[in-house]
Amino acid sequence: MRAVALASIEDMKAENTVEIDLAGKTSLADTMIVTSGRSHRHVGAIADRIIKDLKDKGFGNARVEGLPACDWVLIDAGDVLVHIFRPEVRGFYNLEKMWGADRPQDRAS
């Protein structure tokens with residue numbers, strides 16, 4: 001599931017993708033993926049692709065929040081949570097800091 005989501009993100013040219021290991025931190029999921037799209041349309045397209053690819057690979061229907069506005073879309077696929085942000089919104093919420101991961105600008109690419 002994680003590999004499918006990451007492949008979809010890469011194919012859709014999402015930016016500043018960070019993977020956060022949640023094992024031992026919460027029972028919500030095992031992995032959180034945070035990424036950015038360049039615009040509302042790009043965020044929506046990334047989300048649609050991940051949802052479609054997960055379903056096509058047999059992982060069922062993921063729960064989705066925020067798709068109509070496309071500022072911040074959350075895809076809850078069970079063991080994997082995917083957050084797709086517009087850059088301004090991502091900076092405001094700063095989930096990487098909350099969950100103890102390096103921020104994209106702090107990491108070497």
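Author: pLDDT is the predictor's confidence in each residue, from 0 to 100. It applies here because this is a predicted model.

Reader: What does the chain average in pLDDT?

Author: The average is 88, and 91% of the residues score at least 70.

Reader: Where does pLDDT stay under 50, and how many contacts beyond four places in sequence does the model have there?

Author: Where pLDDT is low, the predicted coordinates should not be read in detail. In this chain that concerns residues 103-109, where pLDDT stays under 50. The model has nine contacts beyond four places in sequence for this stretch.

Reader: Turning to helix α1, which of its residues are buried?

Author: Buried means under 20% relative accessible area. In α1, which spans residues 2-11, Val4, Ala5, Ser8 and Ile9 are buried. Seen down the helix axis, these buried residues fall within an arc of 135°, so they line one face of α1. Ala3 and Glu10, on the other side of α1, are exposed.

Reader: Is arginine 90 buried or exposed?

Author: The cut-off for buried is under 20% relative accessible area. Arginine 90 has 7% relative accessibility, so it counts as buried. Arginine 90 sits in helix α3, residues 87-93.

Reader: Which side chain does a polar contact join to that of arginine 90?

Author: The side chain of serine 36, through a polar contact of 2.8 Å.

Note on methods:
Residues numbered from 1 in each chain as written. Predicted model: local features only at pLDDT ≥ 70, side-chain atom pairs only at ≥ 80, totals over all residues. Heavy atoms only, no water. Buried < 20%, exposed > 50% of the residue type's maximum accessible area, 1.4 Å probe, protein only. Helix = DSSP H or I, 4+ residues; strand = E, 2+ residues; numbered from the N terminus. Arc of directions from axis to C-beta. Contact = heavy atoms within 4.5 Å. Polar contact = N/O pair within 3.5 Å; in protein donor to acceptor, adjacent residues only side chain to side chain.
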